[in-house]
Amino acid sequence: MGDRLKGKVAIITGAGTVLAGLGNGKATAIVFAREGARVMAVDYNLDAAEETRRVIDEEGGECITFKADVSRADECQSMIETCVKTFGRVDIVHNNVGIGQWGGPVETTEETWDKVMTVNVKSMFLTCKYVIPYMEKQGGGTIINIASVGAIRSTLPNIAYAASKAAVVGLTRDVAIQYAEKGIRVNVILPGLMKTPQAEYYNKDAWAGGDIDEMWRRRDSMVPMKRQGRGWDTANAALFLASDDSQYITGTTLIVDGGISNTMRSW
Ligand SMILES: NC(=O)c1ccc[n+]([C@@H]2O[C@H](COP(=O)([O-])OP(=O)(O)OC[C@H]3O[C@@H](n4cnc5c(N)ncnc54)[C@H](O)[C@@H]3O)[C@@H](O)[C@H]2O)c1
């Protein structure tokens, strides 16, 4: 156990995983708890959040769970209020929730477009909307948003996801600048190809006709480091942004991708 987040209270949205295994949100909740944060693990799948809590409990960390769909205003508001009521404060909001959907403009339905934008972007607007007044009263806080290298590089046709993640980068920049003087830091992480349950869940058909091992092999081979990232890689970047080690950093885009966004290889 470390103490880089000692005394801090952290909300992690999407702290469960969509399939068994280790995702970005779950790894971040575990790492924040290991570093002394009191964690609120939020998910609309409460069982998934409970699994994360089980791991944190076993390691001697402190975690509560909360069921919320963060694309809904009332549930976001109640998430922030419950955190403040339970712990007396909220220092870190880690906006991890995000969903994918393959398809270009012709294949993507209007409903899919609206859903991806609502879950991936509106949720981050809503958590900011409800947590910032508390952070202002406390004299500061940190918000970390999860986007994707899909915000800055083309992947397979993925129009709603790409647009939503680019929007997260813009949202981060604007909120960061507006609240810089108030001690509220806002940064965004762009993970690359990560070997997570979510990658399996959303991508297995688009990448290799449902052959999961072949999909992992192809993804590994495309990365300059020759391996996909793990949830821990995203979590360690988030730890830096959440901790006082990054106290002079706001509005930054931190790419965690084994170098892939620097290459000219096609996906
Ligand atoms: N895996 C990758 O290759 C990759 C790459 C780049 C970016 N990302 C981003 O990482 C983030 C997710 O990572 P993960 O591995 O933790 O994903 P995950 O899908 O395994 O876990 C996310 C959790 O979010 C929950 N969730 C989904 N919608 C929700 C909602 N509206 N309200 C509350 N909870 C909700 C799910 O139940 C799940 O437990 C996303 O923002 C994703 O776009 C992933």
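Arg-34 is partly exposed, at a relative accessible area of 30%. The scale runs from buried (under 20% relative accessible area) through partly exposed to exposed (over 50%), with a 1.4 Å probe and protein chains only. This is a predicted model, where local features need pLDDT of at least 70 and side-chain atom pairs count only at pLDDT 80 or more, while totals for chains, interfaces and linings use all residues. Residues are numbered from 1 along each chain as its sequence is written, and side-chain values use heavy atoms, with hydrogens and water left out.

**Salt bridges**

Arg-34 has a charged partner. It forms a salt bridge with Glu-59, with 2.8 Å between the closest N and O atoms. Arg-34 sits in helix α1 (residues 24-34) and Glu-59 in the loop between α2 (46-58) and β3 (62-67), so the pair ties together parts that are 25 residues apart in sequence. Helices (H or I, at least four residues) and strands (E, at least two) are DSSP runs, numbered from the N terminus. Glu-59 is also partly exposed, with a relative accessible area of 32%.

A salt bridge here means a side-chain nitrogen of Lys or Arg within 4 Å of a carboxyl oxygen of Asp or Glu. Side chains of opposite charge can pair when their charged atoms come close. The structure holds 13 such bridges. The table gives some of them.

| Salt bridge | N to O distance |
|---|---|
| Arg-34 and Glu-59 | 2.8 Å |
| Arg-54 and Glu-58 | 2.7 Å |
| Arg-227 and Asp-233 | 3.2 Å |

Take Arg-54 and Glu-58. Both lie in helix α2, four residues apart, so about one helical turn separates them. Glu-58 is exposed, at 63% relative accessible area. Arg-54 is partly exposed, at 38%.

Now Arg-227 and Asp-233. Arg-227 is partly exposed, with a relative accessible area of 38%. Asp-233 is partly exposed as well, at 25%. Elsewhere, salt bridges that share partners join Lys-26, Glu-51, Arg-54 and Glu-58 into one network. Glu-51 belongs to helix α2. Its relative accessibility is 30%, which counts as partly exposed. From Glu-51 to Gly-210 the C-alpha to C-alpha distance is 27 Å, and the two are 159 residues apart in sequence.

**Ligand surroundings**

There are 29 residues around the ligand, and Gly-25, Asp-43, Asn-96, Tyr-161 and Thr-196 come nearest. A residue counts as near if one of its heavy atoms lies within 4 Å of the molecule or strand in question.

A backbone N or O atom of Gly-25 is 2.9 Å from a ligand oxygen. A polar backbone atom of Thr-17 lies 3.2 Å from an oxygen atom of the ligand. For Asp-69, an N or O atom of the side chain is 2.9 Å from a ligand nitrogen.

Asn-96 lies in the loop between β4 (92-95) and α4 (110-138). It is buried, at 13% relative accessible area. A polar atom of its side chain is 2.9 Å from the backbone oxygen of Gly-14.

Val-93 is in strand β4. It is buried, with a relative accessible area of 1%. Val-93 and Arg-217 are 34 Å apart in space, C-alpha to C-alpha, and 124 residues apart in sequence.

**Second largest pocket**

Rolling a probe the size of a water molecule over the atoms shows where empty space is left. On a 1 Å grid over the protein atoms alone, a pocket is an open set of points where a 1.4 Å probe fits, with protein on both sides within 12 Å along at least five of seven lines; lining residues have an atom within 4 Å of a point. The second largest pocket holds about 250 Å³ of space. Its lining has 17 residues, with Gly-140, Gly-141, Thr-142, Gly-183 and Arg-185 nearest the centre. Strands β5 (141-146) and β6 (184-191) each supply at least two lining residues. By class, the lining has four nonpolar, eight polar and five charged residues.

**A backbone detail**

Lys-226 has a phi near 65°, a positive value in a residue other than glycine. Lys-226 is placed in the loop between α7 (212-222) and α8 (231-242). Most residues other than glycine have a negative phi.

Methods: Points joined across faces, edges and corners; volume = space filled by probe spheres on them. Nonpolar A, V, L, I, M, F, W, Y, C, P; charged D, E, K, R; others polar. Polar contact = N/O pair within 3.5 Å; in protein donor to acceptor, adjacent residues only side chain to side chain.
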